[in-house]
Amino acid sequence: MAATAPVFQFEPGDQYDRTLAANVHPFDWVNPVPKRRYNLVVVGGGTAGLVTAAGAAGLGASVALVEKNLMGGDCLNFGCVPSKALIRAARAAADMRDAAVYGIEPADVQVDFGRVMERMRRLRAELSAKDSARRFRDEFGVDVFIRHRRGRRPDPTFSQGVHRNRCSGCRTPDSGSRRGWLSD
Ligand SMILES: Cc1cc2nc3c(=O)[nH]c(=O)nc-3n(C[C@H](O)[C@H](O)[C@H](O)COP(=O)(O)OP(=O)(O)OC[C@H]3O[C@@H](n4cnc5c(N)ncnc54)[C@H](O)[C@@H]3O)c2cc1C
């Protein structure tokens, strides 16, 4: 888990970022009423958390997943996926520039960085369906809790409950009044 979460700003006018947001941080997300008890509470919906939640749910466990920012974590949103999209574009430009090595007349390479980034956002948005909150809820049956920045301050009772659930007790506080912590 990254020590400090990078600041992420969706581009509201960008269709790909809208798709990304709808998958990894849906603003209309309604957190479920927490169950009294889970077999596993996963804190963080990055690579590790998603694999753990899906795996445990697949084995029949009752699973809650708590994400404070973006489902998919670093890998989808900032790391693996964006970097590979940029590296692929850079390789294409280098291949065109160095084409003579292969007996091909080199092209005059003009990099349109805006289009490179647009392609990155498109690929990220497409892949984000795999990490989406809805998929984890509907396909895996995981209770997904997403914190929204607007709205009430974190409910310390619930936070402590999540903390306790790292241990074997696996109790959640009663539902209802706690929902405000994670939703608007
Ligand atoms: C530029 C770059 C390129 C990379 N390329 C690759 C690659 O090609 N291949 C590869 O295998 N790895 C790559 N990585 C590494 C990869 O991104 C990380 O290994 C991976 O993201 C770690 O996953 P994680 O779930 O442990 O943590 P994170 O991805 O950091 O996920 C943690 C999640 O927990 C959430 N969270 C944190 N605290 C709380 C809290 N208190 N309550 C609720 N939620 C919380 C965060 O918001 C976040 O969503 C790359 C990393 C970078 C930066």
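**The nonpolar core**

Mentor: The largest nonpolar core has 25 residues, and those that touch the most other members are Val42, Ala53, Val63, Ala64, Leu65, Val142 and Val144. A nonpolar core here is a set of buried Ala, Val, Leu, Ile, Met, Phe, Trp, Tyr and Cys residues joined through C-beta atoms within 7 Å. A residue is buried if 20 or more other C-beta atoms lie within 10 Å of its own, exposed if 12 or fewer, and partly exposed in between, with C-beta atoms placed from the backbone.

Trainee: Which elements give two or more residues to this core?

Mentor: They are helix 1 (15-24), strand 1 (40-43), helix 2, strand 2, helix 6 (133-138) and strand 3 (143-146). Helices (H or I, at least four residues) and strands (E, at least two) are DSSP runs, numbered from the N terminus.

Trainee: Before we continue, what kind of model is it?

Mentor: This is a predicted model, in which local features need pLDDT of at least 70 and side-chain atom pairs count only at pLDDT 80 or more, while totals for chains, interfaces and linings use all residues. Residues are numbered from 1 along each chain as its sequence is written.

Trainee: Back to the core, then. What does Ala53 touch?

Mentor: Leaving out residues up to four places away in sequence, Ala53 touches Val42, Val63, Leu65, Phe136, Phe140 and Val142. Contact means that the C-beta atoms, placed from the backbone, lie within 7 Å.

Trainee: And Ala57, is that buried or exposed?

Mentor: Ala57, which lies in helix 2, counts as buried because it has 21 C-beta neighbours inside 10 Å. With the same exclusion of residues up to four places away in sequence, Ala57 touches Val63, Phe140, Gly141 and Val142. The C-alpha atoms of Ala57 and Phe136 are separated by 9.4 Å, although the two residues are 79 apart along the chain.

Trainee: Turning to the sheet, what is the strand order?

Mentor: Three strands form an open sheet in the order 1-2-3, with parallel pairing. Strand 1 and strand 3 stand at the edges with a single partner strand each, so one side of each is left without a neighbour in the sheet. The twist averages 15° from one strand to the next.

Trainee: How many bridges join strand 1 to strand 2?

Mentor: Four bridges join strand 1 to strand 2, and four join strand 2 to strand 3; two strands pair if DSSP finds at least two bridges between them. Val42 stands opposite Leu65 in strand 2, and the bridge partner of Glu67 in strand 3 is Ile146.

Trainee: Which residues of strand 2 point which way?

Mentor: Val63, Leu65 and Glu67 point one way and Ala64 and Val66 the other, and all are buried. Strand 3 is also covered on both faces, with Asp143 and Phe145 buried on one side and Val144 and Ile146 on the other.

Trainee: Now the ligand. How many residues surround it?

Mentor: There are 22 residues around the ligand, and the closest are Gly44, Gly46, Ala48, Gly73 and Gly79; a residue is near a molecule if its C-beta atom, placed from the backbone, lies within 6 Å of it. The elements giving two or more residues to this shell are helix 2 (47-58), strand 2 (63-67), helix 3 (73-77) and helix 4 (80-97).

Key. Two residues are in contact if their C-beta atoms, placed from the backbone, lie within 7 Å. Axes are lines fitted to C-alpha atoms, for helices over the stretch in contact, and angles run from 0 to 180 degrees between N-to-C directions.
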